[in-house]
Amino acid sequence: MAFARSILDGSPDFVTVLDLDGRVRSLGRKAMERLSQDVANRIVGRSWADTWPKAHRAAVKQAVAHARAGTGHRFSCICPDRVGADTSWDITVDPVRDADGTITHILVISRDVSEQERMRREVNAARAQVAEVLESTTDCVIVVDRDSRVTYMNPHARTFVGRTSALKVGEVFWDAYPEYLTTDLKRRFEPVHARGEAVKFEMFAQRADIWLEIHAFPNGSDGMSIFFRDVTEARRAREEIVHLAHHDPLTGLLNRTSFNKVLEEALERGGEEVAVLLLDLDLFKEVNDTMGHPVGDALLRAVARRLRETVGDGSRMARLGGDEFAVVHIGDVGSASAFAGRMTACLRPPFEIDGNVIHLGASVGLARVADGRRSTDELFKAADIALYRAKADGGGTVRLFEDGMLERIRVRQFMKQELGGALEREELHLAYQPLLDLRSGTVRAVEALLRWDHPTKGSVSPAEFIPLAEETGLIVPIGDWVLQTACRQATEWPEDVSVAVNVSAVQFRCNSLPLKVAAALARSGLAPARLELEITESVLLHESEHNMRILHALKGLGVRIALDDFGTGFSSLSYLRLFPFDKLKLDRCFVSDIGRSSQSEAIIRAAGEMGRALSMVTTAEGVETADQLAWLKANGWSQAQGYFVGRPSRLPFDLAYRKGGQTELPSGSDARGKEQKTAPILGQA
Ligand code: C2E
Ligand code: MG
Ligand code: MG
């Protein structure tokens, strides 16, 4: 009995022993602890069923009846404990038999399962929540067991799957999509089954023709939960971003960064055969400035299209910015040059953009590894130098990099430096070239032409140093000096002789040009009507609104404005509408064709007529023969300038033109120049 008692007391549960009438005989220690001594005393001897709240009594009595009949019984219920808190009980009621098998007592074990119940409720609530999420998530969810049999599909998955197959819950996934058995899709899920690892990947769903992002997680029973969603759009956006990062948005060609990579890879693969071609459009800036950026953009796209057709493989071609394109070529020097030639040739036929017919042209600089340039940087630099050469040679051409070009660049660099001190060292002077008035046969004007006598290089041509002066900005102080000197010297000549001064487009960049001209006039005392400013089309091309204001301000001073080198630039005719020029100076390239090309003659005639119609003085430059002079006179031109009339000279002009053979030199300081002779006498003009 003591033994039985110790078992009763040792149990962690609430143990009650009943007699066969269902009365409480004894309570285990745990039961005693839970009930107060007082209550315990009252319970012992009473019907166990009566200790329960009324609602449970029937169940309790039934359990006792079962036990008495020899079968155990189990039930659960909730009832308030001593302090009134709901307690969940799991109760087993079993018969106790003696050695003969006769039922002598009934053993009731009541276990407080409140905590387990609470947890179960929580788990259920969480499950319900998860189920709700799964049902409503926009992701598709499929749960499969270890044999890939579908155990759950959320509504989205059902709709999605339903579009391409008849897969249902209970069926094996691979049976519905057998084609994936030949892909690596099954292998991708392996880590989930084999090692319980989550996996994430993207795959192309052939039947639906979309990209899916798939997350698969192991679930308890060796199966897995598969979440998937359509990421086709996201992938497209991602690809677009990647494309944008590597390509020029305007033309779709590679950008500089990716071009560098392509070039680096080509160099890594080795080979003397690698060449870089840099292509720059001739006249693009002019198109952009005059026709507007939309036309410029469309033109660049059209250029890219033609180049791509010529290059064939777009993966080696880039737009580096502006109108500069680059190609990596693999091949010997002959094939590289021929290739470059094809590139310039394909851009020669006119482009038609928005009804505009545009003639471009391109220059190409070519540099090869074989010539000793091994890094991307070196190749780029060399190709750039070659390109510079191609442009300097007039454009529309291909130049292969040579070491000599570096030497030329060094010389340029040197000359730039030297030019910086030329004014101070008084190495500059002006030469004057007469402009013959064809009606009167007299010289009414001279053009001031800048000369540079370098101490070691000798006389440097303005064609060579004016561009350097423009690049460095030195043209501004030098131009000021030319203006002041020409005005001052002109005051020493007869009053009906004007002086023409060339003004660079760079000088137009600052607002002060009109002020400087006014100051030069005021300081020298030269009448404004005796000063003529020669500008080229480039002044009208760039920042034309600003330049136009300056032109009007200059004209307002009373000076005359001449359009120089007419016919050499871009679309000359349109400029004549922009500003009322006083004079049109036809470039000498046309005059040299007189007597040789009827086309050129037709152009000269037309230009002359147009100039006259617009009330401009018409001046032809580069007159070198008597025949040319006669032709111009016969065709109504008003002025002639050229070696036949007179070379540029320190002596402003030969007064023999003016005074029927009487030689009368002006008294200016430069009048008795060192190196130039006076102009020839042209009595017959
Ligand atoms: P430009 O204003 O068109 O000047 C005429 C050029 O043609 C001068 O060249 C002159 O020497 C040359 N020339 C004149 N007659 C003949 C001829 O019959 N045959 C040939 N073949 N050439 C002839 P130059 O002096 O070498 O000047 C070249 C250019 O440099 C000028 O062209 C002008 O654009 C520029 N330039 C000269 N002086 C200045 C200046 O002070 N300032 C600016 N900004 N540019 C200047
Ligand atoms: Mg000129
Ligand atoms: Mg000229």
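1. Burial. In this predicted model, 46% of the 685 residues of the protein count as buried. Buried means under 20% relative accessible area, exposed means over 50%, and partly exposed lies in between, with a 1.4 Å probe and protein chains only.

2. Ground rules. Local features need pLDDT of at least 70, side-chain atom pairs count only at pLDDT 80 or more, and totals for chains, interfaces and linings use all residues. Residues are numbered from 1 along each chain as its sequence is written, chains are lettered from A and ligands numbered from 1 in the order in which they are written, and side-chain values use heavy atoms, with hydrogens and water left out.

3. Overall build. The protein has 24 helices and 26 strands. Both are DSSP runs, numbered from the N terminus: helices are H or I with at least four residues, strands are E with at least two. The radius of gyration is 51 Å, well over the 26 Å that the globule rule gives for 685 residues, so the protein is more spread out than a compact globule. That radius is taken over C-alpha atoms, and the rule is 2.2 Å times the number of residues to the power 0.38. Along its principal axes, the C-alpha trace spans about 165 × 55 × 50 Å.

4. Domains. The protein is divided into domain 1 (2–112), domain 2 (116–236), domain 3 (247–401) and domain 4 (413–664). These bounds come from an automatic or database domain assignment. The C-alpha centres of domain 1 and domain 3 lie 99 Å apart.

5. Contacts along the chain. Look at contacts with a separation of 6 or more: 58% of them join residues 24 or more positions apart. Contact means heavy atoms within 4.5 Å.

6. Strand β1 (residues 14–18) pairs with strand β2 (residues 24–27) in the antiparallel sense over 3 bridges. Strands pair if DSSP finds at least two bridges between them. L18 stands opposite V24 in β2. The two strands form a hairpin with 5 residues between them. In the turn, G22 has a positive phi of about 85°.

7. Strand β21 and its neighbours. Why is strand β21 described as largely enclosed by the rest of the structure? Because 4 of its 5 residues (498–502) are buried. Strand β19 (residues 442–454) runs parallel to β21, joined by 4 bridges. V446 has V499 as its bridge partner in β21. β21 also pairs with strand β22 (residues 531–535), again in the parallel sense, over 4 bridges. There, the bridge partner of N502 is E534. The chain goes from β21 through helix α18 (residues 513–524) to β22, in a right-handed β-α-β crossover. Right-handed means that, with the strands pointing away from the viewer, the path from the first strand over the helix to the second runs clockwise.

8. Magnesium ion (ligand 2). Which protein donors hold this ion? They are E447 (OE), N502 (OD1), E534 (OE) and D564 (OD), lying 2.0 to 2.2 Å from it. Donors are N, O and S atoms within 2.8 Å of the metal (3.2 Å for Na, K and Ca); water is not among the atoms, so sites may look incomplete. Along the chain, the donor spacing is E-x54-N-x31-E-x29-D. Distant parts of the chain are linked here: E534 is in strand β22 and D564 is in strand β23 (residues 560–566), 30 residues apart. Both E534 and D564 are buried.

9. Magnesium ion (ligand 3). D564 (OD), D565 (OD), E621 (OE) and E621 (OE) coordinate this ion at 1.9 to 2.4 Å. The donor spacing is D-D-x55-E. D564 bridges ligand 3 and ligand 2, the two magnesium ions, which lie 4.0 Å apart. Is D564 buried or exposed? At 6% relative accessibility, D564 counts as buried. D565 is partly exposed, with a relative accessible area of 25%.

10. S461 sits in the loop between β20 (458–460) and α16 (462–472). S461 is partly exposed, at 35% relative accessible area. From A194, S461 is 267 residues away in sequence and 85 Å away in space, C-alpha to C-alpha. I475 lies in helix α17 (residues 475–490). At 4% relative accessibility, I475 counts as buried. Leaving out residues up to four places away in sequence, I475 touches I466, A469, E470, S504, V506 and Q507. The C-alpha atoms of I475 and G45 are separated by 126 Å, and these residues are 430 residues apart along the chain.
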